[in-house]
Amino acid sequence: MTATSTATVFGTKEVRRARYAIASVFTVHGAVTGSFATRVPWIQDHAGVSAGQLGLALAFPAIGASVAMPLAGAVSHRFGARTALRGLLSLWTLALVLPALAPNLLTLCAALFVYGASSGMSDVAMNALGVEVENRLDKSIMSGLHGMWSVGALLGSAAGTVAAHAGTDARLHHVTAAVLLTLLGLTACQWVFDLRSRPDEEPPPRFALPPKSALIIGAVGFCAVFAEGASLDWSAVYLRDTLDSSAGLAAVATTAFALTMAVARIAGDRVVDRFGAVRTVRAGGVLATAGGVLVVTAPHVALAMCGFGLMGLGIAVVVPLAFAAAGRSGPKPAQAIAGVATITYTSGLIAPSAIGSLAEATSLVVSFGLVSVLAFGLVLGAGVLRAGDRKPASRGAAVPDTAAGSPGA
């Protein structure tokens with residue numbers, strides 16, 4: 001859908017209802033990820049794969065997402081935003097079942113490819129609809145929506161931890177979770193915007209290179225997601241191996257980092273509304289850079305944990321604002337959002353292995369020096385998110401030209 005799409009007028013009540021609905025969709029999406037992550041050891045044992053083979057298999061979700069995300073716009077163009085989100089979100093929640101059913105490496109890779117593809121397409125659809133709601137409210141909500149995703153991930157992880165502790169078969173756990181989350185997702189989707197293309201509008205291509213604007217915005221998202229992936233996957237190892245922390249205390253650092261990001265995202269919209277996307281990301285870049293420097297120079301565990309906390313605080317709102325900026329960057333917002341999502345998924349894919357490879361060649365201190373440099377890239381590149389600073393618009397007004405598209409974008 002493009003600027004020629006049918007303009008739709010929504011009342012204040014409908015917009016608020018759509019906001020709560022899309023927040024629920026983000027929570028459901030995150031809960032699938034959390035449910036899966038906690039049962040990876042069970043899945044590894046069931047499939048009979050080594051640690052190296054598991055690492056290979058875990059690359060397939062990102063590969064599947066990168067391949068499938070450009071399709072989201074075409075699906076929304078054909079079926080409309082609400083129906084497309086219903087279908088894509090249901091594919092994602094039901095795909096949770098597949099990895100636990102895989103009996104070997106080949107089937108596990110195939111299952112994770114489908115799992116990632118459904119994740120990526122529903123991710124694009126829900127972010128584009130989130131931008132639509134934000135446009136009509138005329139205030140920032142994207143950071144809070146991503147915060148709800150983090151809340152969902154934490155809830156899914158908590159339920160998965162209980163199931164794992166109880167020795168529950170992951171197949172039973174994931175079937176139960178998939179049915180419940182599918183029902184919750186379908187219920188939430190009833191109240192999202194139902195935007196449709198004009199009958200005479202040309203459908204978007206199934207596969208297309210992201211526009212230049214998306215590449216530039218995606219570069220900023222790349223820096224943030226690289227720092228996030230490095231911190232989530234390597235903070236505990238860093239504290240244990242570099243600063244001789246206990247395993248328990250090292251694990252706390254990872255949890256604290258995730259919680260810091262979740263809280264910062266939920267609270268971030270007020271900061272964005274007051275200071276704008278550019279200044280918020282620039283200040284966040286300063287915090288994240290300071291945190292990275294503190295990590296690599298800290299002589300004690302407590303200071304390093306503070307450094308990881310600062311990084312989480314600094315990068316928390318960057319990806320939500322990158323999606324918002326992409327959704328307003330041109331006449332094909334869904335394509336731009338898909339492009340930014342592909343770049344950020346790629347960053348999340350390569351960050352853990354890049355940190356590990358550099359650490360093996362040098363040290364983890366050098367690896368997190370690289371993270372600090374990329375964090376400073378947020379300070380330098382924040383200006384490209386200027387499209388994320390909304391212009392005044394009347395509440396419940398017709399869709400702006402840049403926001404009338406699929407899937408609600």
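## Helix packing in a predicted model

Residues are numbered from 1 along each chain as its sequence is written, and side-chain values use heavy atoms, leaving out hydrogens and water.

Helices here are DSSP runs (H or I, at least four residues), numbered from the N terminus. The table sets out two packed pairs; axes are lines fitted to C-alpha atoms over the stretch in contact, and angles run from 0 to 180 degrees between N-to-C directions.

| Pair | Residues | Angle | Axes apart |
|---|---|---|---|
| H5 and H6 | 71-79 and 81-95 | about 125 degrees | 7 Å |
| H1 and H8 | 12-37 and 105-137 | about 155 degrees | 10 Å |

Let's stay with H5 and H6 for a moment. On the H5 side, Val75, Ser76 and Phe79 meet Ala81, Thr83, Ala84 and Leu88 of H6. These contact residues divide into 5 nonpolar, 2 polar and no charged. Nonpolar here means Ala, Val, Leu, Ile, Met, Phe, Trp, Tyr, Cys and Pro, charged means Asp, Glu, Lys and Arg, and the others, Gly among them, are polar.

Now for the other pair: H1 and H8 are roughly antiparallel, and they cross in a left-handed way. Residues of H1 including Val15, Ile22, Phe26 and Phe36 meet residues of H8, among them Leu112, Tyr115, Met126 and Val133. The H1 and H8 contact holds 13 nonpolar, 6 polar and 3 charged residues.

Next comes H14, residues 301-315. This helix has 15 residues and reaches 21 Å from its first C-alpha to its last, close to the 21 Å expected at 1.5 Å a residue; the expected span is 1.5 Å times one less than the number of residues. Among the buried residues of H14 are Val301, Phe308, Met311 and Ile315, buried being under 20% relative accessible area with a 1.4 Å probe and protein chains only. Their cover includes helices H11, H12, H13, H15 and H17.

Finally, look at Ser143 in helix H9, residues 142-165. Ser143 is buried, with a relative accessible area of 0%. Beyond its neighbours within four places in sequence, Ser143 is in contact (heavy atoms within 4.5 Å) with Ala264, Arg265, Ile266, Gly268, Asp269, Val317 and Pro320.

Methods: This is a predicted model: local features need pLDDT of at least 70, side-chain atom pairs count only at pLDDT 80 or more; totals for chains, interfaces and linings use all residues. Helices (H or I, at least four residues) and strands (E, at least two) are DSSP runs, numbered from the N terminus. Angles under 35 degrees count as roughly parallel, over 145 as roughly antiparallel, 65 to 115 as roughly perpendicular and the rest as oblique. A crossing is left-handed if the near helix is turned anticlockwise from the far one by less than a right angle, and right-handed if clockwise. Buried means under 20% relative accessible area, exposed over 50%, partly exposed in between (1.4 Å probe, protein chains only).
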